[in-house]
Amino acid sequence: MRLDKFVCDALGVTRREATQLLRSGDVTVNEVKKKSGSFQVTDDCVVEWQDRVLKRIGPRYIMLHKPEGFVCSHEDGHNQTAFVLLDEVKMADLHFAGRLDVDTTGLLLITDDGQWSHRITSPKHKCEKTYRVWLDDAIQPDYAQKLAEGVELRNEREPTKPAVMEIVDESQNELLLTITEGKYHQVKRMFAALGNKVERLHRERIGKIVLDESLDLGEYRYLTQEEVESIWN
Ligand code: URA
């Protein structure tokens with residue numbers, strides 16, 4: 001990678017600012033002053049700026065326990081974006097790997113790696129997402145079979161892909177639903193198609209990545225290497 005790009009990523013500055021920093025002579029590579037932005041930084045290079053070792057920012061992989069009341073887009077006038085819950089630099093590089101509705105809680109993945117998030121969101125890869133669902137009305141005996149066969153959603157040409165339903169607590173109308181798609185309001189629309197209504201929705205799992213129980217609502221942590229790589233398997 002070019003040295004000016006490396007400095008941009010490490011310090012969160014623009015290309016022009018990086019060029020100025022290089023010109024000022026404060027950047028060294030393996031203890032040798034480097035002023036040219038085109039210098040190629042390799043894995044064995046130690047890049048320092050004012051005696052501080054620089055590490056490139058990213059790629060970043062974050063798990064956030066999303067609370068209610070935050071949107072997975074830009075602020076909408078009523079609600080803040082879930083991005084305000086992150087204390088990160090270079091926020092503009094980050095995006096959500098699969099959105100949640102404003103009133104849905106749970107596992108939200110955030111990254112600056114477009115290929116990685118594509119693997120999660122592209123229907124082609126059939127990445128499983130598990131939701132804990134509380135319904136308004138009783139769970140009917142035929143729900144599991146209907147969801148496994150696929151239900152017709154309004155304004156969609158094809159029925160939903162097979163989904164797996166598991167009852168958690170019948171008296172509370174509580175269940176787990178695993179789907180491999182991510183259509184707009186998908187879970188709510190699936191239960192609407194069955195004549196019921198989702199009262200509360202919480203995402204627990206994406207692929208093999210499970211929401212960390214030690215994270216309170218609004219808290220986040222970086223994914224482990226194993227969690228990151230699990231998306232490719
Ligand atoms: N399905 C929904 O209906 N809402 C969500 O937030 C996620 C999945």
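Author: In this predicted model, a helix is a DSSP run of H or I that holds at least four residues, with numbering from the N terminus.

Reader: What follows α5, and what is its phi?

Author: Gly195 comes after α5, and the phi of Gly195 is positive, near 85°.

Reader: Which residues of helix α5 are called buried, and what makes them so?

Author: In α5, residues 186-193, the buried residues are Gln186, Val187, Met190 and Phe191, and the term means that each has under 20% relative accessible area. Because these residues cover an arc of only 130° around the axis, they sit on the same side of α5. Their packing partners are β10 (129-135), α4 (143-149), β12 (174-179) and β13 (198-206), where contact requires heavy atoms within 4.5 Å.

Reader: How do you know where the buried residues of α2 lie around its axis?

Author: The buried residues of α2 (residues 15-23) are Ala18, Leu21 and Leu22, and since they fall within an arc of 100° when seen down the axis, they line one face of the helix. Arg16 and Arg23, on the other side of α2, are exposed, a word kept for relative accessible area over 50%.

Reader: Why is the largest pocket said to lie between domain 2 and domain 3?

Author: Domain 2 (61-122 + 216-230) and domain 3 (128-206) both give residues to its lining, and therefore the largest pocket lies between them. That lining comprises 26 residues, with Arg99, Leu100, Asp101, Lys183 and His185 nearest the centre, and it divides into 12 nonpolar, 7 polar and 7 charged.

Technical notes. Residues numbered from 1 in each chain as written. Predicted model: local features only at pLDDT ≥ 70, side-chain atom pairs only at ≥ 80, totals over all residues. Heavy atoms only, no water. Buried < 20%, exposed > 50% of the residue type's maximum accessible area, 1.4 Å probe, protein only. Helix = DSSP H or I, 4+ residues; strand = E, 2+ residues; numbered from the N terminus. Arc of directions from axis to C-beta. 1 Å grid on protein atoms, 1.4 Å probe; cavity = no way out; pocket = protein on both sides within 12 Å on 5 of 7 lines; lining within 4 Å. Nonpolar A, V, L, I, M, F, W, Y, C, P; charged D, E, K, R; others polar. Domains from an automatic or database assignment.
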